[in-house]
Amino acid sequence: MKKKILIISGGISKERLISLDTGQQVAKELKKNGYKIKISEPDNNLEKTIKNYKPGVIFNALHGQFGEDGYIQSILERFKIPYTHSGVIASSLAMDKEISKKLFIKNKIKTPKFITYSYDISVSKLIKKIKKKFKFPVVVKPLNEGSSVNVYICSEKKVTRIVNSIKNYKKIMIEEFISGREIQVAIMGNKKLGAIELKPKRKFYDYEAKYNANAKTEHIIPVDLSKNKLKEVLNIALKAHKVIGCNGVTRSDFKFYNGIFYLLEINTQPGMTKLSLVPEIAAYNGISFIELIEWILKDASKKK
Ligand SMILES: Nc1ncnc2c1ncn2[C@@H]1O[C@H](COP(=O)(O)OP(=O)(O)O)[C@@H](O)[C@H]1O
Ligand SMILES: [Mg+2]
């Protein structure tokens, strides 16, 4: 008999709607294939739901804060029921762009230069600091957000306004701007699944470019890279997956400029709607949506 699956989706992060979509689509696909499923929010009733429903596997369909950063994972650890994707530590390392970038650098993985800012010095001093380290425009972003929420490309003129407008984060990151191509790589366990290129029509691959079909971001697969360059970027993504200690499926986001791949981040809870990038890369490589989901469920029980 097929296992009972509990899907957790929604949550409190800014990516709530995307997570609900991931949850719905995974649920639909599993139902179609004969699984018994239940969908739950990660709220106060979750513990009761898990105890009553007794799922064989928990599918974590959450994105962003509380769902992708080790918090929900540490709650799920208590139940001794396999849950999908990465565990507590890998999730929290990957979600923190400062820590993960330090780990990338330590392991010789190229990532854009950066500084962090905790609103402890004036913005004019920050601007001086930026100028010493790199040039404008810069990219201003939160340390632990996703879906390009509050990511800004800023000229010197704009930086004060932007930095002040996201003060609620307490600590943010300022990165050198890397122009060039946007390439993302999916890793599935130890397997280098493949890569895709995104060509946004907008200024960059922002929230609209990611989720609004009217923004008409072009998805290019197979990516137009030489055999060697493709191998190189796939290897970097696999290395990042291992360095962080990830499980299941991850998606690494790169900028490719002047022959160099710059790793922006690794995502431990990549979008899993039929139109998301990991399923698209999987499909191109002959793995259907249900096969991908079933592999993720199976992999959940392999977590150490
Ligand atoms: N240093 C950078 N240089 C150029 N573009 C960037 C840089 N950092 C982020 N971006 C743009 O912003 C998008 C989102 O940034 P990313 O670091 O992946 O954060 P998120 O977790 O929100 O996806 C990227 O896909 C890219 O288009
Ligand atoms: Mg990203």
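This is a predicted model: local features need pLDDT of at least 70, side-chain atom pairs count only at pLDDT 80 or more; totals for chains, interfaces and linings use all residues.
How far does a polar side-chain atom of Lys210 lie from an oxygen atom of ligand 1, and what else is worth a look around that ligand?

1. To take the opening question: the distance from the polar side-chain atom of Lys210 to an oxygen atom of ligand 1 is 3.0 Å. Glu265 also has a polar side-chain atom facing an oxygen atom of ligand 1, at 2.9 Å. With Ile178 the backbone is involved: one of its N or O atoms lies 2.9 Å from a nitrogen atom of the ligand. Of the 540 Å² that ligand 1 exposes when taken alone, the protein buries 99%.

2. Where does ligand 1 sit? Its place is in the largest cavity. In all, 21 residues surround the ligand, and the closest are Lys97, Lys141, Ser148, Glu176 and Glu182.

3. Four of them, β5 (138-142), β7 (172-176), β11 (249-257) and β12 (260-267), each supply at least two residues of the shell around ligand 1. At the level of domains, ligand 1 lies between domain 2 (114-176) and domain 3 (179-268), because both give residues to its shell.

4. Please check the backbone at two prolines. Phe136 and Pro137 are joined by a cis peptide bond, with omega at about 0 degrees. Pro137 belongs to the loop between α6 (123-133) and β5, and β5 is one of the strands that supply shell residues for ligand 1. The other case runs from Ile221 to Pro222, where the peptide bond is cis and omega is near 5 degrees. Pro222 is located in the loop between β10 (218-220) and α9 (227-244).

5. One more backbone detail concerns His85. Is its phi positive or negative? The value is positive, near 65 degrees, in a residue other than glycine. You will find His85 in the loop that lies between α3 (71-77) and α4 (88-95).

6. If you have time for a single view, I would start at the ligand. There you can follow the polar side-chain atoms of Lys210 and Glu265 to oxygen atoms of ligand 1, and the backbone of Ile178 to a nitrogen atom.

Methods
Residues are numbered from 1 along each chain as its sequence is written. Chains are lettered from A and ligands numbered from 1 in the order in which they are written. Side-chain values use heavy atoms; hydrogens and water are left out. A residue is near a molecule or strand if one of its heavy atoms lies within 4 Å of it. A polar contact is a pair of N or O atoms within 3.5 Å; within protein, one must be able to donate a hydrogen and the other to accept it, and residues adjacent in sequence count only if both atoms are side-chain atoms. Accessible areas come from the Shrake-Rupley method with a 1.4 Å probe; for residues, only the protein chains shown count as cover. On a 1 Å grid over the protein atoms alone, a cavity is a set of points where a 1.4 Å probe fits but cannot get out, and a pocket is an open set with protein on both sides within 12 Å along at least five of seven lines; lining residues have an atom within 4 Å of a point. A molecule sits in a cavity or pocket if more than half of its atoms lie within 2 Å of its grid points. Helices (H or I, at least four residues) and strands (E, at least two) are DSSP runs, numbered from the N terminus. Domain bounds come from an automatic or database domain assignment.
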